[in-house]
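Here's a quick briefing to read alongside the sequence and the model.

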Amino acid sequence: MSLSGDPGEEIVPRLEEDNANQDNSNPEEVGEDKEGGEEEEEEIDEEERMAEEMRRREELELERVNDPMFQAPHLQEGIPPVTCNFGKADYWDGRYFKNTETFEWYHDFEQLQSIINRYCARDGRVLMLGCGNSRLSEDMYYDGYEEIDNVDISRVVIDQMTDKYFEIEGLKWRQCDVCDMGAIWEDAEFDCAIDKGCLDCVFCADLALKKVRKYVHEMDRVLKHGGAWIIFSHGRPEDRLEQLENDDSSSIEFLSFECNVHAIPKPLIDIYGVPDLKDPDELYFVYVCIKNPTKSKQKDDKKNRGIAAKQGKKALAKRLRDIRQKQAEFGAFAKTPTRDAFGN
């Protein structure tokens, strides 16, 4: 049997023909393949963007859950996840800069009105401590309180409130640290002071107990004899009273305050719910610290002896003369709902 030609000669042309067919393939088909690949890449990019957006939303939601500003009323305990933040001015500056909406700690004036009216005279001078952007001072003003000085550690919120209430002369706004108000006010300036969450924030500061003691002594200084310091707090009596009372007149920590404790239920989500008044976790506490005139005089005498020892008798005589002149004009006692500044 005879074969015509070399089989290798037949195979090579067939390979060359196949390659030529591939090179001459339809360009539209090639373009479609490229477009399909680009679409797949775009789909992958879109999925990644959606996943990143979901992660960002979850992180934001976690921040909102941990920030008491966004919590439901029954969760507004006044204690942040990182407690030291509430004792820092830059935290509050940032918070009020980002959110200018009014925020009420614990309760608004309607729920607190009966206690405030019981101890604060409407014609007295009131100090609002850690005012924030609460409406409490505004509501008290329209309830008849004539003169309210508002202070906060945040310059941002004080500027905001100054602009908001510039037409109301009875409301004044100052930025200051409540632990050191000596540069602003002299002794015995106020008839009543209100603290709604401020003391709780001082407890969150660095060197908390030291600052709390300074704050309490400042309040003992700026209130008149018989004046009331009303503190609304989440802190229980076993944690707060030891910082607010000290009867040892020989101690440097001697205080003239005598405190009464009230309890008020926390807000409930269920409007038909009934709070358990025996459960301290469902209560806020109100500490009404009255400046006892007898103890206050003891503390003043101790301070006068210190001034005489350090600055001399002339400095003490001038101080006593200024005090007598001030008392003759404005009275020696704090105004209360049942007593005027002259004890009547």
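**Helix 8**

In helix 8, the buried residues are A208, V212, Y215, V216, E218, M219, D220, R221 and V222; buried means under 20% relative accessible area, with exposed over 50% and partly exposed in between (1.4 Å probe, protein chains only). Bear in mind that this is a predicted model: local features need pLDDT of at least 70, side-chain atom pairs count only at pLDDT 80 or more, and totals for chains, interfaces and linings use all residues. Residues are numbered from 1 along each chain as its sequence is written, and side-chain values use heavy atoms, with hydrogens and water left out.

- Helix 8 covers residues 208–222, and its 15 residues reach 21 Å from the first C-alpha to the last.
- That span is close to the 21 Å expected at 1.5 Å a residue (the expected span is 1.5 Å times one less than the number of residues).
- As for what counts as an element here, helices (H or I, at least four residues) and strands (E, at least two) are DSSP runs, numbered from the N terminus.

- Strand 1 runs parallel to strand 2 (residues 147–152), joined by 5 bridges; two strands pair if DSSP finds at least two bridges between them.
- Across that pairing, M128 sits opposite N150 of strand 2.
- Strand 1 also pairs with strand 4 in the parallel sense, over 4 bridges, and here L129 stands opposite D195.
- Strand 1, helix 5 (residues 136–142) and strand 2 make up a right-handed β-α-β unit; right-handed means that, with the strands pointing away from the viewer, the path from the first strand over the helix to the second runs clockwise.

**Cysteines**

- How many disulfides are there by the distance rule? The count is 1, where a disulfide is a pair of cysteine sulfur atoms within 2.5 Å.
- The disulfide joins C120 to C192, with an S to S distance of 1.9 Å.
- C120 is in the loop between helix 4 (109–119) and strand 1 (125–129), while C192 is in strand 4 (residues 190–196), so the pair ties together parts that are 72 residues apart in sequence.
- Both ends count as buried: C120 has 2% relative accessibility and C192 has 1%.
- C201 has its closest cysteine sulfur in C204, 6.0 Å away, which is too far for a bond, and C201 is buried at 16% relative accessible area.
- C289 is in no disulfide either; the nearest cysteine sulfur belongs to C259, 3.0 Å away.
- C289 is buried too, with a relative accessible area of 0%.

- S251 is in the loop between helix 9 (237–244) and strand 6 (257–265).
- The S251 side chain reaches the backbone nitrogen of E253 at 3.0 Å.
- S251 touches N246 and K302, leaving out residues up to four places away in sequence; touching means heavy atoms within 4.5 Å.
- K295, in helix 10 (residues 293–311), counts as buried at 13% relative accessibility.
- With residues up to four places away in sequence left out, K295 touches D247, F254, L255, S256, F257 and E258.

Notes:
Polar contact = N/O pair within 3.5 Å; in protein donor to acceptor, adjacent residues only side chain to side chain.
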